Each structure stands twice: as structure tokens, then as C-alpha cells.
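Please read this briefing alongside the sequence and the coordinates, taking each group of points in turn.

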Amino acid sequence: MARIRLDHIRHAYSPELAKAGNYALREVDHAFEDGGAYALLGPSGCGKTTLLNIISGLLTPSEGQVRFDDRDVTTLSPEARNIAQVFQFPVIYDTMTVRENLAFPLRNRKVPQAEIARRVDDMLKRLRLETRADRKARGLTADEKQKISLGRGLVRSDVNAILFDEPLTVIDPHMKWQLRSELKELHREFAMTMIYVTHDQTEALTFADKVVVMYDGEVVQIGTPEELFERPKHTFVGYFIGSPGMNVLPCEMDGDAVVVAGHRLALAGGRANTASGARIELGIRPEFVRVVERGGGLPAEIEKVEDVGSERIVRARLGGLPVSAIVAEGQPLPADAALAFEPGALNLYADSRLVERTGGRA
Amino acid sequence: MEKTWNNKAWFFVLPVLLLVAFSAVIPLMTVVNYSVQDTFGNNEFFWAGTDWFTELLGSARFHDALIRNLVFSAIILAIEVPLGILVALAMPKKGIWVSVCLVLMALPLLIPWNVVGTIWQVFGRTDIGLLGYSMRALGIDYNYVQDPIDAWVTVIVMDVWHWTSLVVLLCYAGLVSIPDAYYQAAKIDGASRWAVFRYIQLPKMGRVLLIAVLLRFMDSFMIYTEPFVVTGGGPGNSTTFLSIDLVKMAVGQFDLGPAAAMSLVYFLIILLLSWVFYTVMENAGRDRAVKETAE
Amino acid sequence: MLELKNLVWKVGRDVHIDDVSLRLERGSLNVLLGPTLAGKTSLMRLMAGLDQPTGGQILMDGKDVTGVPVRQRNVAMVYQQFINYPALTVYENIASPLRIQKQPSAEIDAKVRRAAALMKLTPFLDRTPLNLSGGQQQRTALARALVKNADLVLLDEPLANLDYKLREELREELPKIFAATGAIFVYATTEPHEALLLGGNTATLSEGRVTQFGPTPDVYRRPHDLVTARTFSDPPLNVIAVQKRGSRFTGPGALAFDAAPAHAGLADDDYRIAIRPHRLSLGDGESGASFEAVVTLTEVTGSETFVHADFGSDRIIALIHGVRRMAAGDRVRLGFDPSHVLVFAGDGAAVNAPVALAA
């Protein structure tokens, strides 16, 4: 196991692109602590897979260094780095049994027979695949196959980290829950560094202790699920995390208050220091928008109410601006509605970046 | 339950049925007809019953030719399949060299059988052929006209040269369809080159290999043109395969009855052996096929 | 209106579709919800005429179309994989069904541009699909289905290969765009959440059978049986075996609570109760119905926490508001309101739908 340090990594897919300043990965400088569970989250084309391939050794970055503990591994191959990887589509050896699949990496490393048998038996139990042990791997379901690919990494004691490349893509929703919770339990037992690439916010947030949100070749925020939810540092994070994403409303500064669609809103916390000329936006999550009787907040028109089972999503318009609110199942909606924003949950953005306010959060 | 069946489709199949009838079924029936009769020309026929079959199946000439065929096919498969796999593995997977290699591989396949025979016939001649002459110059006693072993070697080398690329192309098609993730996973698992071949490439090539083996078996079992052009079945009878014998009998000796009986037996043997090959290999690949359709 | 009557499709001994009857109205959106291999794709192929059923009838506007092949039906289909003509531009891809119909080119041009505008493809009309992102490729396929003006539009997990956020966007746009055409829409998905967001009607599928069909929120709130309830639940449904004696339900681990009024009249017997994860809360619950479970895992999404716990031999998932981190092995008390409980008889049939969910 190891701490993985990415030292000012930049990557372009060809020298010409680099010269033109066209980097797939603009600059990443970050350390993954030993034994942590991390997620790389972002839309396709944001550079998360490029970054994963740089960590695993399938790609050598154009600039910067990758270090495992204090060892520079920038130019080493995946096998020399002792990395295990679980791919989007399960990779199993069709002609082998489940047991042989798990024993394969150990046999290749000339581990003694008795030791192989002991570790494979142990792994079968942990993966809850005992009853499948002597079946050919090709007949199994997708989630069982994914467990085998994971098991082949876990069974080795020398693995520095396990990387996951959207591993739940081909798994049915019900099995996703089970597989994900088993994955978390395994992480706790083995305390191995795990890095999980996904575009699915729920997967990222539930799996990881720390989520690395990427956008357009850059890391825009690294934080715990709570930090990403409560204080998105970039409007993109607010939009990307949460369903529906954060409401981002253009506004103007007016002393200690902001003006949204003609309405003045006082800001909790200290005075915001924004550069003049910056594009100012107000961020508020739908979870913190309440739908109240006219008079109790900013007057708004309800356009549509979506019943999503456990709650309802209200799509409203505040002036010309679309605002979403999440409302509990049984709560009645007023005919003449107004929106009330929870003051502590308001975030202010200048040119898409969070404005840190003196005095902190109320 | 009421259902309106649309039978129009049969009209579209009709021309094909007629074509097959004229090109395959009717000639085959003629052969069956000949095989149970005796003729001395002039369109006079005498009923011979199963005489020709009994005679044929007991004849040493037939046995020898059959054994020659089997040995030949076995040698051809033993050389061309592993060689084909090796060449396919060695071929590049990306870049401009892919098309260069593919064209080079396809070249021998484009040359007609008799031309291949003629090329090698000249190539191997000891007086003017490059191969024959050089061999002689090197002090190796090589003469396919007189030495049975030299004749066999020549025919086999010729077939390998002509047909290995078919196996190569089929295997290559199987290889390029394997996703990169498999190779990456194998690297990460620390698999040796051999293990990658044994557990990833070979299983994934299974189905195309089946086709390659079947094609090469049937083709080599029916070999005719090359030995006919190069050795004419000699020296002696050493390269007289079933097909050559058949032609000798039918055209050379005008023994139409026995020749017809022989061609029927020949046909049945090919059918039977192909079926055996197919069943054995299909069973080996059965579960894999099931899995692939399930996904 | 598309009507399926007792549709059966068997291949050899495998029954892919088992006695399915459905009536789909014009201008309606119909979701087929079920796990992989439940028969969603098979059913769509039968609707399209790509496969012929081994039993039953398919009626289109009252006319029997059972044996009619796909070419003679006015059907459009969009798949999970992005299927476009790789050598044609986006414009030509969208125009292709109209060219086959031999429509005048001025009309084709107008329709293509309108569909492209709806699908936000106008800037990409001259590109080929391989130079587009996944989302744009799928928009192209959707636009092609749109211009065809088909009677029946089949969408087979069209968003499954797209990014989460893109999915959210398209999921909102699609019903709006397609509702305007008046065609019958069928949309297959494995995700309960997606079915709820799309609205319309939902048919839940399990092992080749339609277990329930009706307005989406109805099927979600009032499942007829346990299979439907499980199919239509993400996170998975919590199911506990209980006994009813008098007015009380008792279950494993000292679980005992007064039956809600809707369930009070049930005969004394063994039942199974199902509680949706968001119906569980920490503590005793308002009505005192609660049980103690052992935490195996907590997952934090930022604003909510999924608590996974063992309750006897049952695995429980509770969705709790706020961030609560608990260690594995902690004991946790989970409460619920008995009127939010779904009750199923021994054979899995729902015995009485809770009344409190009318809102």
C-alpha cells in the first residue's frame, strides 16, 4: 500500500497539442492518502479517465511526476507499479473456474500452493462466492464477474492501490446497492487505497471519503460529500452534484445584500468581497428552497410538479429565472406561491467561483 | 387462434431451389446412378448392384490413397494452424503496417491453384528452378520427380505457402476483436506471454479457429491440382491422392462405374470427418457461445 | 391505440414473454420497468414486428397486425447503443427515413431542421456522428426517430450509456418533445427513478410477465404484489415477515406495532410487510412502531445518509435526512409509521393499500 502523489501533472495527447496549449489534463497536484477511498467525478471528456490511466501507468504524463510513497513511478508500467484495476466491463478468464480466476495473479507470481489455496478460500468467503467456487466463470452474472475482477486485485497482498473505471455500468440497480455496500465493507477490511472513476454522483458520493470533482481538464474541488453539497466551490460542482443540481441565479451586489430578479435578499454571514466587474451569481440548492404562500417569500410561478415517489420536485420561475425546489410528499402547494431561501444555505459566486465571506457560515 | 400466414416468401426461394437442383442434386443423382451400373460406352449400361462398392472398399489401391490423404491433411493442419496463429500473433494491431501485412497475406490466396502448381514445378526443378538448383548446389540431394519424400515435401511446402495466410487472416480477425481491457488486466495480474495466449487469446479465437480448421481440412482432403501439376501423382503412386486416383480411373481408364462409387465414398468420408471435427470443436466452444449470446 | 392480447413468445423451451396483455393509447408515454432479462427488449421487438409472437394478437387501432413485418408498420426505434450511419452527416442521418419515404426535399429540409433544433443539434448538422459526443450521437438517433412521424416509437434504454447529468437533461426534454407528435411511446428502463421522472404509465416486468400496468405514481404507491413493489423500488425494498394477532403485528426481534386503520380488519395470519427506505427514520417513530437493527454501513450523499443494517436475517436500507455517520456494529433504532407500510399475504399479493398515501 502506498500514498499516491501527483506532482504538478499535465497531459496533452501529442506535443503539437501541448504547444497549442490544448491539454486534456491542465494541472493536477494532489495526494491520495494511504488507505483512503477516493472518487474522481465528472462528465465525459473532463479528463478523469486520463488521470486514472496516469495513476495506473497506462499513460505517461507530458509533465509532472507520479510518486508512490517516495518512489518516482512516472515511467513505470502498470505491473511494475503493483496496481490492480477493475474495468467498466467485467474482465474474467472464461475458461477458468472462479477459484482459478482468483488464484491466477498468485500463480503468476509463484506464490506457494498452500498459500494460494488459503488466500483464495478466504477471498471466496469475503466475496460471498463460495458456492460458485468451482463453476466456470463465464456462466456467472455481471455482478459476480465484477466481484471476481475485484477479487483478483484484493487477493494479492502487495497491491499499492485498486482503481475502478466505472465498475457498475453494466449492473442492474438492485445489484448496484449490494455490490457497492460490499465494496465499502471490503475497503474497510483491507484498508487499501481505492480510486473510483465515475460520472454518477450517487456512486461517487456514497463510495468515497473524498470526492475529486473534475471539469474541463481541471480539478475544481476536492472535498467530503458534505462539503461538496453545502459549499460547492464552483457553480459546476453545484450543478453536477445533487439531483436536481443547485439553482444558480444571476444577481447583482448591493452592499451586504444581493438583488435577484428585482428582489433584495440579505446575505447571512459577513460582507462579500467581490471584484468589481465580476459576474455575480447566487447559488441555492433545491433542498433549501421552500414553497410558501404568497407574501412569505419571493413571488414565483409554479410551472410543473414532478412526483418522484419519495418527494416532489417543483419547477418554478422567479421572474424569468428557473428555480427548482424539493418538497416533501404530503405537503400541500399554495396556488399563489412564493419561494423562501434558507439564508444559511446561500452561496455567492463571482465568475463561477465561490466567494469566501468573512465571518464564515451563520 | 387465427393467423394469416403469408406464403409469398416461398416464391423467392424457388429460383435458388432450382439452381441447387440443377447444379448439385441432379449431377449427384447421375453419379449415384453410375455407381450401381457397368458401362462400356455407347450408352449401354448393365446393372452391377453394390459390386463396385465391395470391390473398392476391399482394394489396396483405395486404402493406400485414403491413408495418403489422411496423412497429408494431418500434416497440413499440424503445420498451418500453429503457424497461422503464430503469424497472426506477430502481426501489428495498429498503424499503417496493418494494411501492408493484410495485403501481403492476401496475395497467395489470390493465385489460382494451377498457377501455384506451375510456379513450384518450375521453382523446384533441378536444372532451371531456383530452389532445385540451389539445393543441388548446396549438395543436398533433392529431386521431386524421383524421390517420394522430396515430392511430398514439395507438395506440402506448396500448400503451406498457398494457404497458411487464410488461417492467419481468420485468427487475426479473432485477435483484433479482443478489448484492450483484457490485455491490461492480464498485465496487472502478472500474466506471462504464454498465459495471455492460453487464457485470453486462444479462448477468444476459438470460433474462428474452428472455421479455419474445417476449411483447411476439407480443402486439403480434396487436394488435386497442385500434385497433379507438379508430380502427376508420382513418383510411382506416392502422391496419388483420392482425387487424383478418381480422375485417373474415370478419365484415364474410363471406368465410370467404379469411379462413381469411389466419388460417393469420398464424398461421404469428407462429410463424416467434417461433421466429427465440427462436433468436437463446437462442444469445446459450446459454453462460450452460450455465454456470448446471453450477454 | 396499440393493443396486445395474451402475447406469448417462446424460443424452444425458453419463455421470453408469458401472456402479456396491454392497451397503449395514442399520445401516451409508457414505461417498461424491470431488471435485465425481464423481457423489456423482447416485448418491444414483438411490438415492432421484428419478431413474431408464438401466441396472441397485436392490434393497431383495432386492426390485426400480428403477422405484419416491421417494414410495413410505421415504427421507430432507438437503442441503448448509439446507432447512426457513420458515413453520413448528422443532417443526412436525420433525413434518412424521409428519403426512404421519398418526400420532396424542401419538406425534408424543413423537418430535419425543426427536429435538429428541438434536439439542439443545429450547430452539428454538417458533422459525421463519430465526431460527436455520446449525448449528441444519441440526440441524432432520437431526432431520426422524431422526423419519421411514426405511430409507435420504441426507446430501449436510450439514456443508459449517457452521463448522469446529460441523462437528467434529456429525460426532462424527451416527454415534452414526443408528446407533441401524438404517437405511442414505449420507453424501457431498469431504473425506478427514471420511470417516476418520466411519469406517464408504467408496466412493471418480471420474468416475461407484466405484473402491473397503470399510471406511474399509482403503480409505485399501490403495487398489487410484492414482485411489483420490489421491481419499483430503488434503493431495494425492506421486507419483514410478521404475524397479525388481533389488532397488532408482531415480527422478529421484539418488533410489535398496532395495525394502521386500513389494516385493522385483516384476518390473523402470517404476512410480509414492506417499508420503503425513505419511510424509515431514526428513533421510535411517531406511532411508536420501531425495531432495532445492527448497522453494517453508512453511505453519505452530502445531504442524506443511507444506513445499511442487519435486522435478524433481513438486510435493511434506511434513507435518513442529514449526515449521520455510524460505525459498523452500532445498534440503531429505526421507526416508521404503520400507515406507510405495504402489507402482502403469503402468496405475495397486496392485501390492502395504505390510505394515507393518497396525497
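In chain A of this predicted model, 66% of the contacts between residues at least 6 apart in sequence join residues that are at least 24 apart. For chain C, residues 24 or more positions apart likewise account for 66% of the contacts with a separation of 6 or more.

**Chain A as a whole**

- The secondary structure of chain A comprises 10 helices and 22 strands.
- Chain A has 362 residues, of which 46% count as buried.

**Domains of chain A**

- Chain A is divided into two parts, with domain 1 covering residues 4-235 and domain 2 covering residues 245-354.
- Taken over C-alpha atoms, the centres of domain 1 of chain A and domain 2 of chain A are separated by 38 Å.
- To the contact between them, domain 1 of chain A gives five residues, while domain 2 of chain A gives nine residues.
- On the side of domain 1 of chain A that touches domain 2 of chain A, the residues divide into one nonpolar, two polar and two charged.

**Chain C as a whole**

- In chain C, the secondary structure is made up of eight helices and 21 strands.
- A box of roughly 75 × 45 × 40 Å, taken along the principal axes, is filled by the C-alpha atoms of chain C.
- Of the 359 residues in chain C, 45% count as buried.

**Asp64(C) and its surroundings**

- Asp64(C) belongs to strand β5 of chain C, a strand that runs over residues 63-64.
- Asp64(C) counts as partly exposed because it has 15 C-beta neighbours inside 10 Å, whereas a buried residue would need 20 or more and an exposed one 12 or fewer.
- Once its neighbours within four places in sequence are left aside, Asp64(C) is in contact with Gln57(C) and Leu59(C).
- Between Asp64(C) and Val210(C), which lie 146 residues apart along the chain, the C-alpha atoms are separated by 21 Å.

How values were computed:
Residues are numbered from 1 along each chain as its sequence is written. Chains are lettered from A and ligands numbered from 1 in the order in which they are written. This is a predicted model: local features need pLDDT of at least 70, side-chain atom pairs count only at pLDDT 80 or more; totals for chains, interfaces and linings use all residues. Domain bounds come from an automatic or database domain assignment. Two residues are in contact if their C-beta atoms, placed from the backbone, lie within 7 Å. Ala, Val, Leu, Ile, Met, Phe, Trp, Tyr, Cys and Pro count as nonpolar, Asp, Glu, Lys and Arg as charged, and the others, Gly among them, as polar. Helices (H or I, at least four residues) and strands (E, at least two) are DSSP runs, numbered from the N terminus.
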